[in-house]
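Student: Please take one part of this model and look at it closely. Set it in its surroundings too, and give me the cut-offs as you go.

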Amino acid sequence: MTHPTVPLRRYVGIFAALILLTGLTVVIAFFDLGGGRLHALNAIAAITIAVTKALLVVLYFMHVRYSSRLTWIFVGAGVFWFVIMIVLTLADYLSRGWFPTPGSWSS
Amino acid sequence: MSDAPHEPRQHYLNCDYSVRSWLLTTDHKRIGILYLVSISAFFVLGGVMAGLLRLELLTPHGDLVQAETYNKFFTMHGITMIFFFLIPSIPAVLGNFLVPIMIGARDLAFPKINLLSWYVYTLGAAFTVVAMVTGGVDTGWTFYTPYSSTYANTNVILTALGVFITGFSSILTGLNFVVTIHKMRAPGLTWFRLPLFIWAHYATALIMLLGTPVVAITILLVALERGLGIGIFDPAIGGDPVLFQHLFWFYSHPAVYIMILPSMGVMSELVACFSRKRVFGYAFVAGSSMAIAVLGFLVWGHHMFVSSQSMYAGIIFSLLSFLVAIPSAVKVFNWTATMYKGSISLQTPMLYAFGFVGLFTIGGLTGLFLATLAVDVHVHDTYFVVAHFHYIMVGGAIMGFLGGLHFWWPKITGRMYPDAWGRLAAVILFVGFNMTFFPQFVLGFLGMPRRYHVYPPEFQMLNVLSTAGAVILGLGYVLPALYLAWSIFKGKPAGDNPWGATGLEWHTPSPPPTFNFEQTPVVREEAYAYDSQLEGHRV
Amino acid sequence: MWPQVTQALRLVPEQASTVAGQVDALFLFLVAITVFFTGLIFLLVVVFALKYRRRSDDERPKAIHGSLVLEAFWTVVPLGIALAIFVWGTYLYYVISRPPAAAMEIYVVGKQWMWKLQHPTGQREINELHVPVNRPVRLTMTSEDVIHSFYVPAFRIKADVVPGKYTSTWFEATKTGEYHLFCAEYCGTSHAVMGGRIVVMEPAEYERWLTGGASAESLPAAGEALFARLACNTCHKSDGSGRGPSLVGKFGKTERLASGETVVVDESYVRESILNPQAKITTGYPPIMPTFKGLVTEDQLLQLIAYIKSLKMDGQAKP
Amino acid sequence: MSEHSAQVAHQFDDATQQYEASTLGMWAFLITEIMFFGGLFAGFFVYILGHAAAFAEGSRHLDLALGTVNTLVLLGSSLTMALAVRGAQRGDRRGQVLFLVLTIILGVAFLGIKGLEYAHKFEQHLVPGPLFRMEGPHAQSAQLFFSFYFAMTGVHALHMIVGVGLLAWLLVNALRGRYSAEYFTPVEVSGLYWHFVDVVWIFLFPTLYLVARHV
């Protein structure tokens, strides 16, 4: 059940897309999209582009698109557990300022 | 019962006696035994440390050793027991030995990586022992910054590297189990026909894979901060010591499920075999192992309720901590229900199973005290916590390990241990354990903080009681070591299936041949099918 | 000999604060649940082990696969009990973590292996804290080196003391007497001896203790002297004509920052603005304030904060 | 035992089982790598919330040109790696060798550029620790940024070095003609590892280099 060989054209196409997206993310970084002290919109844009590039590499270069459902589950689980760590850790840091005790992190 | 073999049958033990064949083996059974020897050595080391701690605590003022030495003792007791005994014990010994046989495979998916796992464990152990011998470390097994990164003046980096390296041994074992259980099951062995021992080890392997790397990078950052003076958790330049606690406990709470889940797997096997009955609610027991593995990653904040973590995060973690307690309760109820209308024999493994059910229930329920915000403020970092996790680790994990070791001893060595001695040791352990750790619940509620070299006089009587219990507990551990070693040479031959159990491992000779089965078995019915055992032969 | 025995046989620590009773009630409820379930499991296991002991080797009991009803029952019931405990524990935690407004301020600085406590009236104590009975006391705490934890078992309070930030807790003693003060977070060699006692006294006796001690300079007064010595007043003039904002009546208010966000002027904000001024600049002022890191100790920071707190609208410092 | 071609290990029944187990094993390992780098990213995100201005200041001290070039180099090496795997799969020995060599060259180029950047940082006294010198108001917590910069890119570079070693071993075997359409598992598995190291850089680049460049 090894996956079919991917045509050369597709690989070069994916590579071109990756190069374009890299250029895009660098250019966008020079415009202030707002979002307050943390320039949140810049961050969201950069992360979205990075996720898109990562998906291209994972799906096509790493052949996950042609792999078994089990591989999808493994990749999904890895990303999901990373998100758990980020979300619950930030839940502490973001909510520190809400209760009127000293020691707020980033009010 | 197979008749007495005329000329000795070839099996994984007598096929090659050379030391080289042991040190370069890729046979999962031999690697299991290599691990058994290594972790037993560390159990003795950790046990000696525990004995010294209890001796010191006989009197309120520190008159056995200096404060610094006491701190090094409790640190080494923690590191040795957790990283070098509890985490590897059942997965690396019983898991390595049994997972391939139970699923009808010739070996694990990556035998060479399995041997690498043992060498990585030994390398990490070497670092830690060198650190201990050349001055020890006194940061506690938790390595909290800024003490560990800036203020401690003991071998923190050396020990951190030792723990860092040993973490990869756990990762490699987890990786091997996950791939093996997915890809190398015998024909007919669907997921819901798997023994619950395998389900528990699958859940444990997931935690090993998803949690261990985070403590690896955290310990590495502490070593970098200490070694190169770069500030990562250093409050002087804006770093946050509480961030270390977040990253550390992200792994270290799931690690306690690495320690208890395999014991739960052993428990399902023991209760089913010695009640001669299917496990009640098989799917729920299997599902609760997976639920514990997933929920176990969401609750680490209950270690940090008083650490200036925000109150709202505390409330979230408290709620999630209550949810993770439910699957454990479901398991205990299912084991008890399995015994209903069974045919229960009180041989040694079953006594350890009873010990597990009783002590794990107390350990689990006292965990609810610590998950309750208002109560945790009072009992956090006191002996109440020490008693709670010893009820889970010793009452749960070690009882499960000893129960499993006795249950599969005839399969591993082909010899039977003396059951009377076995039962005696189990009872002594149960009594000694309770006498050691139950008084600590009271000490904790009275407010005696943990990791104290000296304590106020009013706590002395309970501490004396606890030390007395520790002596009995220590004796209790010596007994199995003696009669199990004795049984290797003098024990009577055990035959292929001394307990009349149903697992695939009981359908191959004891001790098994190097490739486990003459030809790959085909599985046609559910696990624990004791009721249909007598009619036709299964395989 | 008898007092030792009775004290040694004690199962419940002294209840010496307003919250102690409530925490103990919740604790005993949890003990009851533990005893009930452990007893239930113990009973079932013993009864089954005896009633269904194996009579002959080839005995094969009938297979029982399981029952959905039972599984649902012993999932939902423990869940219900767990949530009940959670709600009670969280409610109690929420109630006991909000200090009453008129609480007496005590500043605590933890340092490797001693507690330094400062009263607003200037008294400084090492490992000891004298407080009046039936009066809420709010502790604002920090550490000079590693993490410690301020733990008074008799009051059922515990709060980590973290370097680089302020943490706080409070208590209201209800019984006079002496109570243990422990450090609960491992902090190195003498972690076990880093403790002391909280002495709770009748109000009259407390007043006598206050005046009896060496007449130390009150905290705000010490802060004012330091404010002048460090030349803070050259920029922070009370009438607001200096290059820095006037600090009169600012404590507790909400300030608008240059970055557009707002921040409450509390102990942490004052501390951060002294040690790392550029972090949060108030609108309309240039970021020219130099950092005082290394020039001010933790105790001096607390003095400055006490002084700034005392700058009420009518302009002069009040003891 | 079923008949065994030379390349199928004894514990597997056939080549397909071995291929699936090996790729699944590599993915399981890559999950641990996600969590390993994940710990660093978690620390970075927490600190950037508390020290946004300082981290922006630190990010502006990084050489964006070299960073972008390095990203393109690494994306290129991902392409050549994918083509090397394709070559192995089609049994095209010349293609395998060519693209493996190209991938190694690009990998080494990446490490060279990264070394150049590190050298610049040493000159500018931007290496965290006692030698750290930086003017401006946020010098202190900017050192945190550089601690994470060196930790993250350093660990990534270590993974690159291991990757180049893996590719060299593949090259030797490819030259010996060991890989064919029936047996190319090691190339596929090493490809997964190499692509993963590229994916980590895809996230590292914006996180470190593009923090509020517009200010």
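**A close look at one helix and its setting**

Tutor: The centres of domain 1 of chain A and domain 2 of chain A, taken over C-alpha atoms, are 23 Å apart. Domain 1 spans 1-67 and domain 2 spans 68-107; these bounds come from an automatic or database domain assignment. This is a predicted model: local features need pLDDT of at least 70, side-chain atom pairs count only at pLDDT 80 or more, and totals for chains, interfaces and linings use all residues. Residues are numbered from 1 along each chain as its sequence is written, while chains are lettered from A and ligands numbered from 1 in the order in which they are written.

Now the helix. Helix 7 of chain B covers residues 196-228, 33 residues in total. Helices here are DSSP runs (H or I, at least four residues), numbered from the N terminus. From first C-alpha to last, helix 7 of chain B reaches 47 Å, close to the 48 Å expected. That expected span is 1.5 Å times one less than the number of residues.

Helix 7 of chain B has a kink of about 30° at Gly211(B), shortly before the proline Pro213(B). The bend is the angle between axes fitted to the seven residues ending at a residue and the seven starting there. Just after the helix, Gly229(B) takes a positive phi of about 70°.

Why is helix 7 of chain B largely enclosed by the rest of the structure? Because 30 of its 33 residues are buried. Buried means 20 or more other C-beta atoms within 10 Å of a residue's own, the C-beta atoms being placed from the backbone.

Elsewhere in chain B, Ala397(B) sits in helix 13 (residues 383-413). Ala397(B) is buried, with 28 other C-beta atoms within 10 Å. Its contacts include Leu86(B) and Met259(B), not counting residues up to four places away in sequence. A contact needs C-beta atoms, placed from the backbone, within 7 Å. Pro262(B) is 135 residues away along the chain, yet its C-alpha lies 7.8 Å from that of Ala397(B).

Last, the neighbouring chain. Chain B puts 75 residues in contact with 75 residues of chain C. Helix 10 of chain B gives the most to the side that touches chain C, 14 residues. By class, that side of chain B has 47 nonpolar, 19 polar and nine charged residues. Nonpolar covers Ala, Val, Leu, Ile, Met, Phe, Trp, Tyr, Cys and Pro; charged covers Asp, Glu, Lys and Arg; the others, Gly among them, are polar.

Note on methods
Contact = placed C-beta atoms within 7 Å. Helix = DSSP H or I, 4+ residues; strand = E, 2+ residues; numbered from the N terminus. Buried ≥ 20, exposed ≤ 12 C-beta atoms within 10 Å, placed from the backbone.
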